[in-house]
Amino acid sequence: MGKKNKAEKKAKNGKRKDEFLEKEEFLAEPHDLAAILVQAARSMRTVLSRNLLESGLYAGQDGVMLALAETDGLTAGGLAAKLGVKAPTMTRTIGRMEAQGFLERRPDEDDARLTKVYLTEPGRNRLQTIAEAGQHSEKLATRGLTDKQVRTLMKLLRAVDSNLQAARGAD
């Protein structure tokens with residue numbers, strides 16, 4: 001068996017694209033973008049939350065743990081800003097996660113007025129579970145899409161997010 005020629009590849013890709021576009025739910029109007037994005041994000045979050053629940057984690061806690069895995073010892077305000085949530089929400093989340101044993105609060109070594117948040121060993125032990133849950137959710141979300149389509153989707157979503165972040169900063 002030899003390599004497929006360009007015409008065969010184009011026919012295969014064209015067929016796949018047509019099959020993808022024939023599905024009625026993909027034929028949306030441009031003004032539906034916000035609703036579709038919000039629904040896709042909710043669906044992704046629901047699947048991810050379900051996958052994390054078995055390990056004792058609740059929605060949003062994975063983001064806190066991943067942020068601390070990247071930069072341990074952030075303040076509650078720093079975590080809130082990094083994750084795009086309000087400070088009181090982050091304070092409640094930190095309290096709950098501290099009670100679960102995933103995080104601990106300690107005074108800052110340089111400025112005792114500040115309290116910083118750190119992952120505990122049980123928290124670090126959950127990082128692999130979070131990664132696996134994320135991978136499983138991504139596989140479900142991108143089922144039927146080619147690698148190129150997934151890369152394009154990610155590029156487009158980053159552009160949308162960048163546009164919205166810039167608009168938010170201009171307010």
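Which backbone nitrogen lies 2.8 Å from a polar atom of the side chain of Asp108? In this predicted model, the backbone nitrogen is that of Asp111; the legends below start with the loop that holds Asp108 and then turn to other close-up views.

**View 1. Asp108 in the loop between strand 2 and strand 3.** Strand 2 spans residues 103-107, and Asp108 belongs to the loop that runs from there to strand 3. The side chain of Asp108 has a polar atom 2.8 Å from the backbone nitrogen of Asp111. A second polar contact, of 3.0 Å, pairs the side chain of Asp108 with the side chain of Lys116. With residues up to four places away in sequence set aside, Asp108 touches Leu114 and Lys116. Asp108 counts as buried because its relative accessibility is 12%, and the cut-off for buried is under 20%.

**View 2. Arg113 in the loop between strand 2 and strand 3.** Arg113 has a relative accessible area of 74% and is therefore exposed, the limit being over 50%. The side chain of Arg113 makes a polar contact of 2.9 Å with the side chain of Asp111. Asp111 also takes part through its backbone nitrogen, which lies 2.8 Å from a polar atom of the Asp108 side chain.

**View 3. Gln61 in helix 3.** Helix 3 covers residues 61-70, and Gln61 is part of it. Is Gln61 buried or exposed? Gln61 is buried, because its relative accessible area is 2%. A polar atom of the Gln61 side chain lies 2.8 Å from the backbone nitrogen of Tyr58. Apart from neighbours within four places in sequence, the residues in contact with Gln61 are Gly56, Thr93, Arg96, Met97, Gln100 and Phe102.

**View 4. The second largest pocket, with a volume of about 200 Å³.** The lining has 13 residues, and those closest to the centre of the pocket are Ala59, Gly60, Gln61, Thr89 and Thr93. Helix 3 and helix 5 are the elements that give two or more residues to this lining. Helix 5 gives the most, with five residues. Gln61 and Thr93, both among the residues closest to the pocket centre, are also in contact with each other.

**View 5. The largest nonpolar core, a set of 20 residues.** The residues with the most contacts inside this core are Val64, Met65, Leu68, Leu79 and Leu103. At least two core residues come from each of helix 2 (33-53), helix 3, helix 4 (76-83), helix 5 (87-100), strand 3 (115-119) and helix 7 (127-141). Helix 3 gives the most, with four residues. In soluble globular proteins, nonpolar side chains tend to be buried together.

**View 6. Leu68 and its contacts.** Leaving out neighbours within four places in sequence, Leu68 is in contact with Gly73, Leu74, Leu79, Leu103, Val117, Tyr118 and Leu119. Two of these partners, Leu79 and Leu103, are listed with Leu68 among the residues that have the most contacts inside the largest nonpolar core.

**View 7. Leu83 in helix 4.** Leu83 has a relative accessible area of 32% and so is partly exposed. Which residues does Leu83 contact, leaving aside its neighbours within four places in sequence? The contacts of Leu83 are Gly63, Val64, Ala67 and Met90. Ala67 and Leu83 are 16 residues apart in sequence, with 8.1 Å between their C-alpha atoms. Val64, another contact of Leu83, is one of the residues with the most contacts inside the largest nonpolar core.

**View 8. The whole protein, for orientation.** Eight helices and three strands make up the secondary structure elements. Along the sequence they follow the pattern α-α-α-β-α-α-β-β-α-α-α. Of the 171 residues, 20% are buried. The accessible surface comes to about 12700 Å², and carbon and sulfur atoms account for 55% of that surface. Among contacts between residues at least 6 apart in sequence, 51% link residues at least 24 apart.

Technical notes: Residues numbered from 1 in each chain as written. Predicted model: local features only at pLDDT ≥ 70, side-chain atom pairs only at ≥ 80, totals over all residues. Heavy atoms only, no water. Buried < 20%, exposed > 50% of the residue type's maximum accessible area, 1.4 Å probe, protein only. Polar contact = N/O pair within 3.5 Å; in protein donor to acceptor, adjacent residues only side chain to side chain. Contact = heavy atoms within 4.5 Å. Areas by Shrake-Rupley, 256 points an atom, 1.4 Å probe, with all protein chains shown as cover. Core = buried A, V, L, I, M, F, W, Y, C linked by side-chain atoms within 4.5 Å. 1 Å grid on protein atoms, 1.4 Å probe; cavity = no way out; pocket = protein on both sides within 12 Å on 5 of 7 lines; lining within 4 Å. Points joined across faces, edges and corners; volume = space filled by probe spheres on them.
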